[in-house]
Amino acid sequence: MRIILLGSGSYSGTPKLFCSCENCTRARRFPEYKRTRFSMYIPKINALIDPSPDLHYHLEHLNEKIERVFITHPHFDHIAGLPELQILRRVSFYSHEKTLKMAKLLQETFLGNREWRYIHLEFNRWYDFGKFRIKHFPTPHQPGEVSGGFVIEIGEKKIGITGDTGPEILEDKEILNELHRVDLLVSEMTHKHSIPKTHLGVEDAIKLAHKIDAGKTIFAHISHSNYTHEELEEKVGDIGIVGRDFMILRI
């Protein structure tokens with residue numbers, strides 16, 4: 001089964017406007033170091049995870065059918081691209097009720113009426129939709145109350161997506177048990193060092209990967225202020241893959 005990482009970056013992308021750090025300078029000169037805002041696609045169920053502000057760019061290259069959209073939380077970099085789905089007559093959105101309110105507001109404000117469905121997922125409960133099963137779990141990520149990740153089962157394959165999360169996830173036994181030995185773990189690795197109740201740093205993201213013992217782990221949501229791509233690869237070693245835009249994974 002294929003998984004496509006559309007965007008590997010965090011809220012500002014890389015390069016960040018007006019920034020002259022090493023990562024931003026390199027990304028302006030060499031496109032392979034560019035990071036658009038996080039988003040991914042699961043072809044097996046025609047599902048998009050997080051419609052980022054870079055969604056038009058992502059879809060222009062992806063050019064595949066989208067029937068479902070899973071939204072981790074309603075922060076700008078994870079939901080603001082939703083109006084770019086205007087060409088879709090029917091699409092179903094899955095997330096926490098409060099996140100869906102923001103999604104519907106974006107639809108109504110920019111697009112008017114649509115034959116779109118909004119499917120409320122309570123935290124820590126499994127839902128069976130036939131082609132897939134899904135569980136939305138809460139994560140510590142400020143500001144806001146409804147940040148979360150997903151565990152998605154498709155046939156015999158299981159995918160875990162942390163969404164944005166602080167290092168407290170390392171002590172959450174329920175989430176760790178749910179993510180244990182998933183076929184693919186998609187973990188955030190925003191900064192060099194963790195920020196409590198906000199984001200994982202490199203060391204804690206690697207610790208999470210060790211605890212989960214996934215078949216494969218990919219690190220994404222990487223900030224321009226993090227280490228360079230090559231330095232991250234050295235630090236990650238064999239425990240996982242440092243994501244790049246439009247990277248294709250097979251599980």
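The protein has 251 residues, for which a compact globule would have a radius of gyration near 18 Å; the value here is 17 Å, which agrees. This radius is taken over C-alpha atoms, and the globule rule is 2.2 Å times the number of residues to the power 0.38. The model is predicted, so local features need pLDDT of at least 70 and side-chain atom pairs count only at pLDDT 80 or more, while totals for chains, interfaces and linings use all residues. Residues are numbered from 1 along each chain as its sequence is written, and side-chain values use heavy atoms, with hydrogens and water left out.

Along its principal axes, the C-alpha trace spans about 45 × 40 × 35 Å. The secondary structure comprises seven helices and 14 strands. These elements are DSSP runs, numbered from the N terminus: helices (H or I) have at least four residues and strands (E) at least two. Buried residues account for 57% of the 251 residues. Buried means under 20% relative accessible area, exposed means over 50%, and partly exposed lies in between (1.4 Å probe, protein chains only). Contact means heavy atoms within 4.5 Å. Among contacts between residues at least 6 apart in sequence, 62% join residues at least 24 apart.

The accessible surface comes to about 11,600 Å². Carbon and sulfur atoms hold 48% of that surface. Areas come from the Shrake-Rupley method with a 1.4 Å probe; for residues, only the protein chains shown count as cover. The protein carries 34 positive and 34 negative side chains. The centres of the two sets lie 4 Å apart. Lys and Arg count as positive and Asp and Glu as negative, with His and the chain ends not counted. Each charge is placed at NZ of Lys, CZ of Arg, CG of Asp or CD of Glu.

The largest nonpolar core contains 27 residues. Such a core is a set of buried Ala, Val, Leu, Ile, Met, Phe, Trp, Tyr and Cys residues joined through side-chain atoms within 4.5 Å. Ile42, Phe70 and Ile152 have the most contacts inside this largest core. Several strands give two or more residues to this core, among them E1 (2-7), E2 (39-42), E3 (47-49) and E9 (148-154). Others in that set include E10 (157-161), E11 (184-188), E12 (216-220) and E14 (247-250). Strand E9 gives the most, with three residues. A second, separate core has 24 residues, including Ile169, Leu176, Leu179 and Ala214.

Leaving out residues up to four places away in sequence, Ile42 touches Arg2, Ile3, Ala47, Ile49, Ile152, Ile154 and Ile159. Val151 is placed in strand E9. Val151 counts as buried because its relative accessibility is 0%. Beyond residues up to four places away in sequence, Val151 touches Trp126, Arg133, Ile134, Lys135, Phe137, Lys158, Ile159, Glu178 and Leu179. Val151 and Trp126 are 25 residues apart along the chain, and their C-alpha atoms are separated by 9.0 Å.

The loop between strand E6 (117-120) and strand E7 (126-128) holds Glu122. At 40% relative accessibility, Glu122 counts as partly exposed. With residues up to four places away in sequence not counted, Glu122 touches Tyr127 and His136. The C-alpha atoms of Glu122 and Lys158 are separated by 19 Å, with the two residues 36 apart along the chain. Asn124 also lies in the loop between E6 and E7. Asn124 is not a glycine, yet has a positive phi of about 60°. Its relative accessibility of 35% makes Asn124 partly exposed.

Asp50, likewise not a glycine, has a positive phi of about 65°. This residue is in the loop between E3 and helix H2 (55-62). Asp50 counts as buried, at 0% relative accessibility.

Cis peptide bonds are also found in loops. The bond from Thr14 to Pro15 is cis, with omega near 10°. Pro15 lies in the loop between E1 and helix H1 (22-29). The bond from Gln142 to Pro143 is cis, with omega near -5°. Pro143 lies in the loop between strand E8 (133-138) and E9.

Ile239 occupies the loop between helix H7 (229-236) and strand E13 (241-242). At 23% relative accessibility, Ile239 counts as partly exposed. Apart from neighbours within four places in sequence, Ile239 is in contact with Ile206, Ala209, His210, Thr217 and Phe219. The C-alpha atoms of Ile239 and Gly112 are separated by 46 Å, and the residues are 127 apart along the chain.
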